[in-house]
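Here is a short note for a colleague opening this structure. Please read the points with the model in view.

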Amino acid sequence: MVSTGIWHWDFSRLKHFNLIERGIDIVPLSLALQRNEHLWSQDARRTTFEGTSHAATNDIWVRYNDPKKSEDLKELSNEHYPIWLPPYYSLPQIRPIVYGLMSRLSAAHLGGVLITRIPSGGSVKPHSDMGSWHAEFYQTKIYIPIQSNPDCVNYAGEEGDEESVRMAPGDAWFMNNLVMHRVENGGLDARITLIVCLRLED
């Protein structure tokens with residue numbers, strides 16, 4: 001059991017989560033996001049398509065396939081070489097976090113980079129990313145909360161074998177997004193998370 005104040009982790013029971021790093025300096029990025037509120041939901045396809053599990057959230061896409069190639073999000077998730085998107089140049093504070101993770105994990109390739117926001121009382125509905133080329137090629141998905149609260153819980157695993165963690169701001173977590181997973185934010189504060197998708201070679 002690892003314990004710091006209100007945050008507790010018992011790694012002996014976890015199969016789908018792994019704490020990669022603690023104490024990342026997220027203050028510069030947090031302040032930059034406050035100054036760039038206009039970046040949220042500039043591309044809302046992930047949160048608005050029919051049947052999306054992310055309808056109660058909003059996003060800032062930082063790196064992914066060139067959105068000019070298609071209006072269809074599924075087509076954009078097919079095989080491609082990711083590029084930096086305009087928000088990257090407004091949020092240079094992302095760079096040391098992303099490249100620090102790549103170095104720490106000896107990542108061979110950098111995939112999508114996304115910032116998500118779940119409001120108080122919001123959720124991400126149960127879903128799996130299995131079947132997406134991007135999710136399967138960039139098989140190491142790292143979550144770094146920029147803002148959170150102890151009542152925001154990430155779940156992963158099948159019904160009856162579901163695991164849960166509360167991710168503290170500034171910690172970096174691997175989560176297996178190829179199994180069923182969901183998030184429930186029961187706290188008073190929004191949960192803002194930087195998501196970095198990496199490919200680690202076998």
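Leaving aside neighbours within four places in sequence, which residues is Glu-201 in contact with?

1. **The end of the chain.** Glu-201 is in contact with Ala-108 and His-109, once its neighbours within four places in sequence are left aside. Glu-201 lies in the segment after strand S13. Its relative accessibility is 48%, so Glu-201 counts as partly exposed. Compare Glu-201 with Gly-170: the two are 31 residues apart in sequence, and their C-alpha atoms are 26 Å apart in space.

2. **What kind of model.** Please keep in mind that this is a predicted model. The protein chain has six helices and 13 strands.

3. **Overall form.** The radius of gyration of the protein chain is 16 Å; a compact globule of 202 residues would have one near 17 Å, so the two agree. The C-alpha atoms fill a box of roughly 45 × 35 × 35 Å along the principal axes. Of the 202 residues, 52% count as buried.

4. **Contacts along the chain.** Residues 24 or more positions apart account for 76% of them.

5. **Surface and charge.** The protein chain exposes about 9900 Å². Carbon and sulfur atoms supply 50% of that area. The chain has 19 positive and 25 negative charges.

6. **The largest core.** In soluble globular proteins, nonpolar side chains tend to be buried together. Here the largest nonpolar core has 32 residues. Those with the most contacts inside this core are Leu-33, Ile-115, Ile-142, Ile-144, Leu-194 and Val-196. Helix H1 (27–35), helix H5 (94–105) and strands S4 (58–64), S6 (109–118), S8 (140–147), S11 (172–175) and S13 each supply at least two residues of this core. The largest share, six residues, comes from H5.

7. **A second core.** There is also a separate core of 18 residues. It includes Leu-14, Trp-61, Trp-173 and Ile-195.

8. What does Ile-144 touch, not counting residues up to four places away in sequence? Its partners include Ile-24, Ile-26, Ile-97 and Leu-101. Asp-171 and Ala-172 are also among them.

9. **A loop glycine.** Gly-186 is found in the loop between strand S12 (181–185) and strand S13 (191–199). Is Gly-186 buried or exposed? Gly-186 counts as exposed, because its relative accessibility is 59% and the cut-off for exposed is over 50%. Beyond its neighbours within four places in sequence, Gly-186 is in contact with Asp-151 and Cys-152. Asp-151 is 35 residues away along the chain, yet its C-alpha atom and that of Gly-186 are separated by 5.1 Å.

10. **Two serines to check.** Ser-41 is not a glycine, but has a positive phi of about 60 degrees. Ser-41 is found in the loop between H1 and helix H2 (45–48). With 32% relative accessibility, Ser-41 counts as partly exposed. Ser-106 also has a positive phi, near 55 degrees. Ser-106 lies in the loop between H5 and S6. Its relative accessible area is 60%, so Ser-106 is exposed.

Note on methods
Residues numbered from 1 in each chain as written. Predicted model: local features only at pLDDT ≥ 70, side-chain atom pairs only at ≥ 80, totals over all residues. Heavy atoms only, no water. Helix = DSSP H or I, 4+ residues; strand = E, 2+ residues; numbered from the N terminus. Rg over C-alpha atoms; globule rule 2.2 N^0.38 Å. Buried < 20%, exposed > 50% of the residue type's maximum accessible area, 1.4 Å probe, protein only. Contact = heavy atoms within 4.5 Å. Areas by Shrake-Rupley, 256 points an atom, 1.4 Å probe, with all protein chains shown as cover. Lys, Arg positive; Asp, Glu negative; His and termini not counted. Charge placed at Lys NZ, Arg CZ, Asp CG, Glu CD. Core = buried A, V, L, I, M, F, W, Y, C linked by side-chain atoms within 4.5 Å.
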